[in-house]
Amino acid sequence: MTPRKPPVFAMTGGEARLDGRLVLRGVDLRVPAGEVLAVLGANGSGKSTLVRALLGLIPLSGGRTEIYGVPAARFRDWRRIGYVPQRLTVGGGVPATVREIVSSGRVARQSRLRPASRADRAAVDRALAAVGLAGHGHHSAHQLSGGEHQRVLIARALAGEPDAFVMDEPTSGVDAASQAALAGTLRALIGQGRTVVLVAHELGTLEPLITRCIVLDDGRVAHDGAPPKPVGEHALPGHDHVHPHGPAVPDGGPLGTWDRT
Amino acid sequence: MSILTFDFMRRALLAAVLMGLAAPAVGTFIVQRRLALLGDGIGHVALTGVAFGLLTSTSPILTAVIVSVFGAIAIELLRSRGRTGGDVALALLFYGGIAGGVLLTNLAPGGDTGSLLSYLFGSISSVSSRDLYVVAGLAVAVVAVIAIFGRELFLLCQDEEVARASGLPVRFLSLLLAVTAALTVVVAMRVVGLLLVSALMVVPVAAAQQLTRGFRTTVGVAMVFGVLSAVGGLYAGYQRDLSPGPAIVLIALALFVVAVAGRSLIRTLGVRPGPGMLRRARANGRGARHPRHESTTPASARSDAEATSR
Ligand SMILES: Nc1ncnc2c1ncn2[C@@H]1O[C@H](COP(=O)(O)OP(=O)(O)O)[C@@H](O)[C@H]1O
Ligand SMILES: [Mg+2]
């Protein structure tokens, strides 16, 4: 990492209001390239709000935030960013195939009048394979289980071949097979030196991949540093990492819950 | 066919085909964006445009284009301002549009509201050849917008935040879709009428999605249904001397019922689509052929139970 390179995300004193209520209360956060950052915190602590603000999807009411050194509102090089939102279902009432949804992740790389190129199709194939959905592109996305659906959203971000990923709770409510598929996908991305900001309720099998961890509490950063180490009772044999780590992550079921934002 | 010997009928038929193609194409995106009432809102506003044309003795179709485009932009701006109040704003435009239309028509010299009726429910004989040129031009513009911007509009309607984080010009695309919907309303106005315009943007799409798995195929099948309804309704209207608008909409609704029946027939005969399709497909691939008892609850409702059961 050369020091001259701007960080992927840099927020200083970030404050955000939703419906007049202060949801982010002065967040300072720099995410250098190559980092794998986990954002933990209870439901409603502001995790989704933070990542949406980092992407400039929510205007800040105070402070500022930059993407690759450019103020978020003026950032244009979106092909470098892949966003996996926290969603319950694929949006809208009209059916769409898995492939159609994943292909739409290429849109930042395509020109308007040209049909999808061979490179586009190859990238979509790779993205589908990376999440274990190769050969399932023709299925309707409306017929997927929660975990399969989440993998489609991840594949959509992968298809754009960005340098940095922002994933909002990709592991919540996801079955074991999808969890394993996601861990494999992340490992490959990290191996390629991509930057990942991963919102999670708890880390589970992803924990060894994390290089840094922040914990949000009521819109503030309550912890910033090393990921929680499996020490003490966590190191006991038979402990299988299915509950949240650390005292700052109070609630959540075995695998967390979906919350609509 | 003897009915084609009438010039007005040929013109009406062409207008109907253009409308049958354009309305469901735009409608698929509108339905995807959960804006099914947008067409209705624009239709009501367009009535004021028509009345403005009658009042000033200019072509009502041109004034309808202008007023409905402004109406569509207003609706889109109100929508993007936030959820709260959006439907109230739409309602204001509904009633303002109707009231303005009737009032302006009353003001027109010798204007009686009877002349509005053909715009409200469509009329075959009223399509002049100049109207037809305008309608054809608008229909081409609408289909061109869908062809050129379809990929971007798909992502916009799928997930607006992801569209923004992909660098799409979200505001421009939203306005483009609203304006395209407004042009479609005017295309459909002469044949199906302003009060039923929206039906042709929504019902063929609802029918098509009973039978399709993908977005593209939904657009295509909806366009086929749109043309079938438009031409069928026009023909029935001509045969029985009925208003074409209601006949077209009733045929579209009949197609919807047939599509629903066809879907349940497919389900009972073949694989029953439901959540967890891929996993089941793999299970079947291993040769296990269990009777299917899967629930059809949506993925969202099941995710917790599914996660904890593993
Ligand atoms: N669109 C919204 N309008 C108003 N309040 C919101 C909105 N979205 C989230 N909030 C509130 O902001 C807080 C933080 O939400 P969120 O960032 O989604 O938390 P998390 O992702 O950590 O669960 C919560 O109290 C939530 O109720
Ligand atoms: Mg959240």
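Start in chain B of this predicted model and select helix α1 (residues 7-32) together with helix α9 (residues 197-208): the two pack at an angle of about 75 degrees, with their axes 7 Å apart. Angles of 65 to 115 degrees count as roughly perpendicular, and α1(B) and α9(B) are therefore roughly perpendicular to each other. To see the contact, show the side of α1(B) that includes B:Met19, B:Ala23, B:Val26 and B:Ile30, and on α9(B) residues including B:Leu200, B:Met201 and B:Val205. Colour the contact residues by type: 11 are nonpolar, three are polar and none is charged.

Next, go to chain A and select the open sheet of four strands, which runs in the order β2-β1-β4-β5 with antiparallel pairing. At its edges stand β2 (21-31) and β5 (70-71), each with a single partner strand, so one side of each has no neighbour in the sheet. Now pick β1 (residues 9-18) of chain A and follow its antiparallel pairing with β2(A), which extends over eight bridges. One place to look is A:Arg17, whose bridge partner in β2(A) is A:Leu22.

Finally, select the magnesium ion (ligand 2). Which residues coordinate the magnesium ion? They are A:Ser48, through OG, and A:Gln86, through OE1, at 2.0 to 2.2 Å. A:Ser48 lies in helix α1 of chain A and A:Gln86 in the loop between β6 (81-84) and α2 (98-103), so the pair ties together parts that are 38 residues apart in sequence. Both A:Ser48 and A:Gln86 are buried.

How values were computed. Residues are numbered from 1 along each chain as its sequence is written. Chains are lettered from A and ligands numbered from 1 in the order in which they are written. This is a predicted model: local features need pLDDT of at least 70, side-chain atom pairs count only at pLDDT 80 or more; totals for chains, interfaces and linings use all residues. Side-chain values use heavy atoms; hydrogens and water are left out. Axes are lines fitted to C-alpha atoms, for helices over the stretch in contact, and angles run from 0 to 180 degrees between N-to-C directions. Angles under 35 degrees count as roughly parallel, over 145 as roughly antiparallel, 65 to 115 as roughly perpendicular and the rest as oblique. Contact means heavy atoms within 4.5 Å. Ala, Val, Leu, Ile, Met, Phe, Trp, Tyr, Cys and Pro count as nonpolar, Asp, Glu, Lys and Arg as charged, and the others, Gly among them, as polar. Two strands pair if DSSP finds at least two bridges between them. Donors are N, O and S atoms within 2.8 Å of the metal (3.2 Å for Na, K and Ca); water is not among the atoms, so sites may look incomplete. Buried means under 20% relative accessible area, exposed over 50%, partly exposed in between (1.4 Å probe, protein chains only).
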